[in-house]
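Let's take a friendly walk through the inside of this protein. Have the model open beside you as you read.

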Amino acid sequence: MSKNEHKSLFVRKYSSWFTSRIYIILFLIVERLPLKPAYKLGRFFGGLLFYLSSYRRKIVEDNVKTLKAWATKRALKNPLLEQENRVIAKEIYQSNAGNFFYSFSMMNKPIATVLKHLRIKDAELLKKAHEKNKGVIILFSHSGPWELSAILPELIPMAVERRTVCIMYRPLNNHYFNKWYLRKRGLYGAQLLSSDDGFFKITRLLKHGSFMQIAYDIRMQQGLEVELFDRLASTSKIPYVLHKASKAPVIAVNLVRSGELAWEMQFKEIASAENGVCPEITLLKAANEHLEQIIFNNPYDYFFFQDR
């Protein structure tokens with residue numbers, strides 16, 4: 001390695017470390033704030049980002065346009081979609097940033113405080129799997145304060161007692177911030193897994209009764225093309241591959257706003273384990289149809305920043 005290359009590597013490493021310190025300090029401040037100030041601060045930053053990110057803003061507005069066309073074709077009405085696309089896009093920025101800051105503040109509060117603001121619905125689906133000693137594939141979407149799914153062991157202890165709760169994640173680009181972030185997410189007992197951990201380890205955990213949380217609404221370079229809002233979208237096949245290998249049921253979790261600072265965590269079965277393995281296209285189509293309904297019902301709270 002030349003002297004210039006070594007110097008450049010040192011600068012990039014130092015810059016990455018320095019940037020991570022800024023992020024960490026910001027989140028240490030946020031998590032110590034009461035819930036309402038944290039949410040309001042997030043909305044303020046979301047408003048700034050709306051004006052500063054023209055490329056990403058266009059993606060959001062295009063997604064809103066697609067959502068409106070899908071709803072119009074089906075004669076579906078939602079008053080939240082009656083505004084101009086730009087107005088809706090700004091609210092999406094503010095709401096998502098507010099939800100993200102809110103989730104960090106919430107994760108630093110006592111569980112009694114969490115349960116005052118977060119109601120659990122349909123947890124019987126997880127309890128049923130627990131009673132049958134089955135693992136569960138839990139699909140979560142980037143809607144609302146989705147980070148709160150990391151505290152599932154504390155929210156439903158009777159359903160996940162003595163079980164390993166795992167979260168599949170994609171490492172953040174900043175190594176230093178990623179290390180800190182994963183430690184924070186694992187404080188409530190969830191085990192963080194990435195593709196580096198290997199398919200067989202993940203399958204083995206499911207077969208031994210673990211609950212595996214997987215994001216199913218991310219853009220995949222080599223995903224299966226499945227219809228979403230009347231367009232073919234690259235859809236992750238990971239939920240099906242794990243379902244086929246482990247015979248575990250597939251259950252979607254969703255966070256629905258029930259007040260400015262109140263949420264309801266809902267569960268819905270996408271694929272049962274009672275009648276064997278669900279066909280791949282059937283499972284992925286059902287997951288995307290569920291995602292469509294989630295987004296249509298609560299468009300402001302969905303992370304609309306990717307072009308699938």
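## The largest cavity

The largest cavity has a volume of about 100 Å³. Here a cavity is a set of points on a 1 Å grid over the protein atoms alone where a 1.4 Å probe fits but cannot get out, and lining residues have an atom within 4 Å of a point. A volume is the space filled by probe spheres set on the points, which are joined across faces, edges and corners.

Its lining includes Leu125, Lys128, Ala129, Pro249 and Glu269. Helix H6 (residues 124–131) gives the largest share, three residues; helices (H or I, at least four residues) and strands (E, at least two) are DSSP runs, numbered from the N terminus.

## About the model

This is a predicted model, with local features needing pLDDT of at least 70 and side-chain atom pairs pLDDT 80 or more, while totals for chains, interfaces and linings use all residues. Residues are numbered from 1 along each chain as its sequence is written, and side-chain values use heavy atoms, leaving out hydrogens and water.

## The second largest cavity

In total, the structure holds three cavities of 30 Å³ or more. The second largest cavity has about 40 Å³ of space. Phe140, Ser141, Ser143, Trp146, Ser149, Val253, Asn254 and Leu255 line this cavity, and strand S8 (residues 250–257) supplies the largest share, three residues.

Terms used:
On a 1 Å grid over the protein atoms alone, a cavity is a set of points where a 1.4 Å probe fits but cannot get out, and a pocket is an open set with protein on both sides within 12 Å along at least five of seven lines; lining residues have an atom within 4 Å of a point.
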